[in-house]
Amino acid sequence: MTWLELPPDSRFGLANLPYGVFSGHDGYPSAPRVGVRFGDSVLDLLSALADPVFGEPSLNAFMARGRGQWSEARATITELLTAERHRATVEAALYPLSEVRLHLPFEVGDYVDFYASEHHATNVGRLFRPGAEPLTPNWKYQPIGYHGRSGTVMVSGTPVSRPRGQLPGAFAPTVGASQQLDFEAEVGFVVGVGSSAPLSVGEFADHVFGVFLVNDWSARDIQSWESRPLGPFLSKSFATSISPWIVPLEALEHARVGSPPQYPKPLPYLADAGSSGLDLQLEVRLNGQVVSRPPFATMYWSPAQMLAHMTVNGASTRTGDFYASGTVSGPDREQRGCLLELSWGGAEPLALADGSERSFLEDGDEVAITATAPAADGTRIGFGAITGRILPAAAGPGRAD
């Protein structure tokens, strides 16, 4: 219990305590610093704990301290919020969310995007390779991924300009604005402690600091032309949105589940005997209407397996590197995590409550992604929302739009 009253349905109580970076809209605190969300308020950790690491404009310095100090800080914050003797300290360091600005929570290093949902990969295979095996021969032997562009990762709420690029044509490509802009509901994992050698599945919790939401915006028409034979490039690199709150792994102990059965048996470095999957329930809204509820528990490859594969070749990791799961999709239509699947490539447009239809995103559309996970007391914790509104394409070179 705490002397600070929260609504009984709050997703941001003591069981959660996610980290973010904030500043005041006007006046103090003017410089971005680290805070923890509690209810609809932010606790200024520099003021409350007097530790200069929380005065940094990103979580990187704190994340680099390692698992022991992550756990110690969480215990201290919990005591601050529950013990009456700390009331004056906490009240002086607590700011309403409505009075602060949220920033990118960590300085992004390298970014890898995986393709870990069997349901998503199967649907895409059926759309792009009709009549053939939907999964490529390597898919069930290794988590498939590609390197993204870290410089265009942005915090929730940042508008997304419709990208331009080469588009396939009847006789030759043209350059213009994408007409098949899509969202992708994903889950991200940020590295706190880097490594210079391969990591095992069992080392996941010693290196990954926390979990957050990702929208890996995609231009499907640009992607279909450029991905012959290599993977996504300009169709993904223009924008990737992440949520402003990083839920620490310790808050997700009661969300741990086993991954779905894997056949053929994974190679030894990917063997996962524990419960390294996560029971997260995502929700996607398009212009305020719920269009999908993807379940992360159905992901074929676990976050720990993704990390092990990402480093098996000796690739190093650094504080602030992150990797995303790829689109989260379940077996049912209402669980598909992108418009490509929801509209079946445009053949089955999605009907909206206002009478309009969507095969892909239109200018002015707003996408919001949220998620919850089970907590110890039978309640659920939240991840905060990623929102993004589509703006028209900026003027640029090309033969036609």
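Here are a few numbered points on this predicted model, covering a sheet, its salt bridges and its nonpolar cores.

1. Ground rules. Because this is a predicted model, local features need pLDDT of at least 70 and side-chain atom pairs count only at pLDDT 80 or more, while totals for chains, interfaces and linings use all residues. Residues are numbered from 1 along each chain as its sequence is written, and side-chain values use heavy atoms, with hydrogens and water left out.

2. The sheet. Five strands form an open sheet in the order E4-E3-E2-E1-E5, with antiparallel pairing. Strands here are DSSP runs of E with at least two residues, helices are runs of H or I with at least four, and both are numbered from the N terminus; two strands pair if DSSP finds at least two bridges between them. Strand E4 (94-96) and strand E5 (100-103) each have a single partner strand, so one side of each is left without a neighbour in the sheet. From one strand to the next, the twist averages 45°; axes are lines fitted to C-alpha atoms, for helices over the stretch in contact, and angles run from 0 to 180 degrees between N-to-C directions.

3. Around E1. Strand E1 (residues 19-24) runs antiparallel to E5, and 4 bridges join the two. Phe22 has Leu102 in E5 as its bridge partner. Helix H3 (residues 67-82) lies across E1, strand E2 (33-38) and strand E3 (41-44), at about 60° to E1.

4. The model has 21 salt bridges, taking a salt bridge as a side-chain nitrogen of Lys or Arg within 4 Å of a carboxyl oxygen of Asp or Glu. One of them pairs Arg33 with Asp44, with the closest N and O atoms 3.2 Å apart. Arg33 sits in strand E2 and Asp44 in strand E3, 11 residues apart. Arg33 is buried at 10% relative accessible area, and Asp44 is buried at 0%; buried means under 20%, exposed over 50% and partly exposed in between (1.4 Å probe, protein chains only).

5. Other salt bridges to look at. Asp206 and Arg67 come to 2.9 Å between their closest N and O atoms, and this pair links helix H6 (residues 204-207) to helix H3 across 139 residues. Asp206 is partly exposed at 35%, as is Arg67 at 46%. Arg87 and Glu91 form a salt bridge of 3.2 Å, N to O; these two are 4 residues apart in helix H4 (residues 87-93), so about one helical turn separates them. Asp182, Glu184, Asp216, Arg220 and Lys236 are linked in a salt-bridge network.

6. The nonpolar cores. In soluble globular proteins, nonpolar side chains tend to be buried together. The largest nonpolar core here has 58 residues, and Leu252, Leu280 and Tyr323 touch the most other members; such a core is a set of buried Ala, Val, Leu, Ile, Met, Phe, Trp, Tyr and Cys residues joined through side-chain atoms within 4.5 Å. Elements that each supply at least two residues include strand E14 (208-215), strand E25 (366-374) and helix H9 (303-311). H9 gives the largest share, 5 residues. Beyond neighbours within four places in sequence, Leu252 is in contact (heavy atoms within 4.5 Å) with Val211, Val247, Leu278, Leu280, Ala373, Ile381 and Phe383. A second, separate core has 35 residues, among them Leu4, Val21, Leu81 and Phe322.
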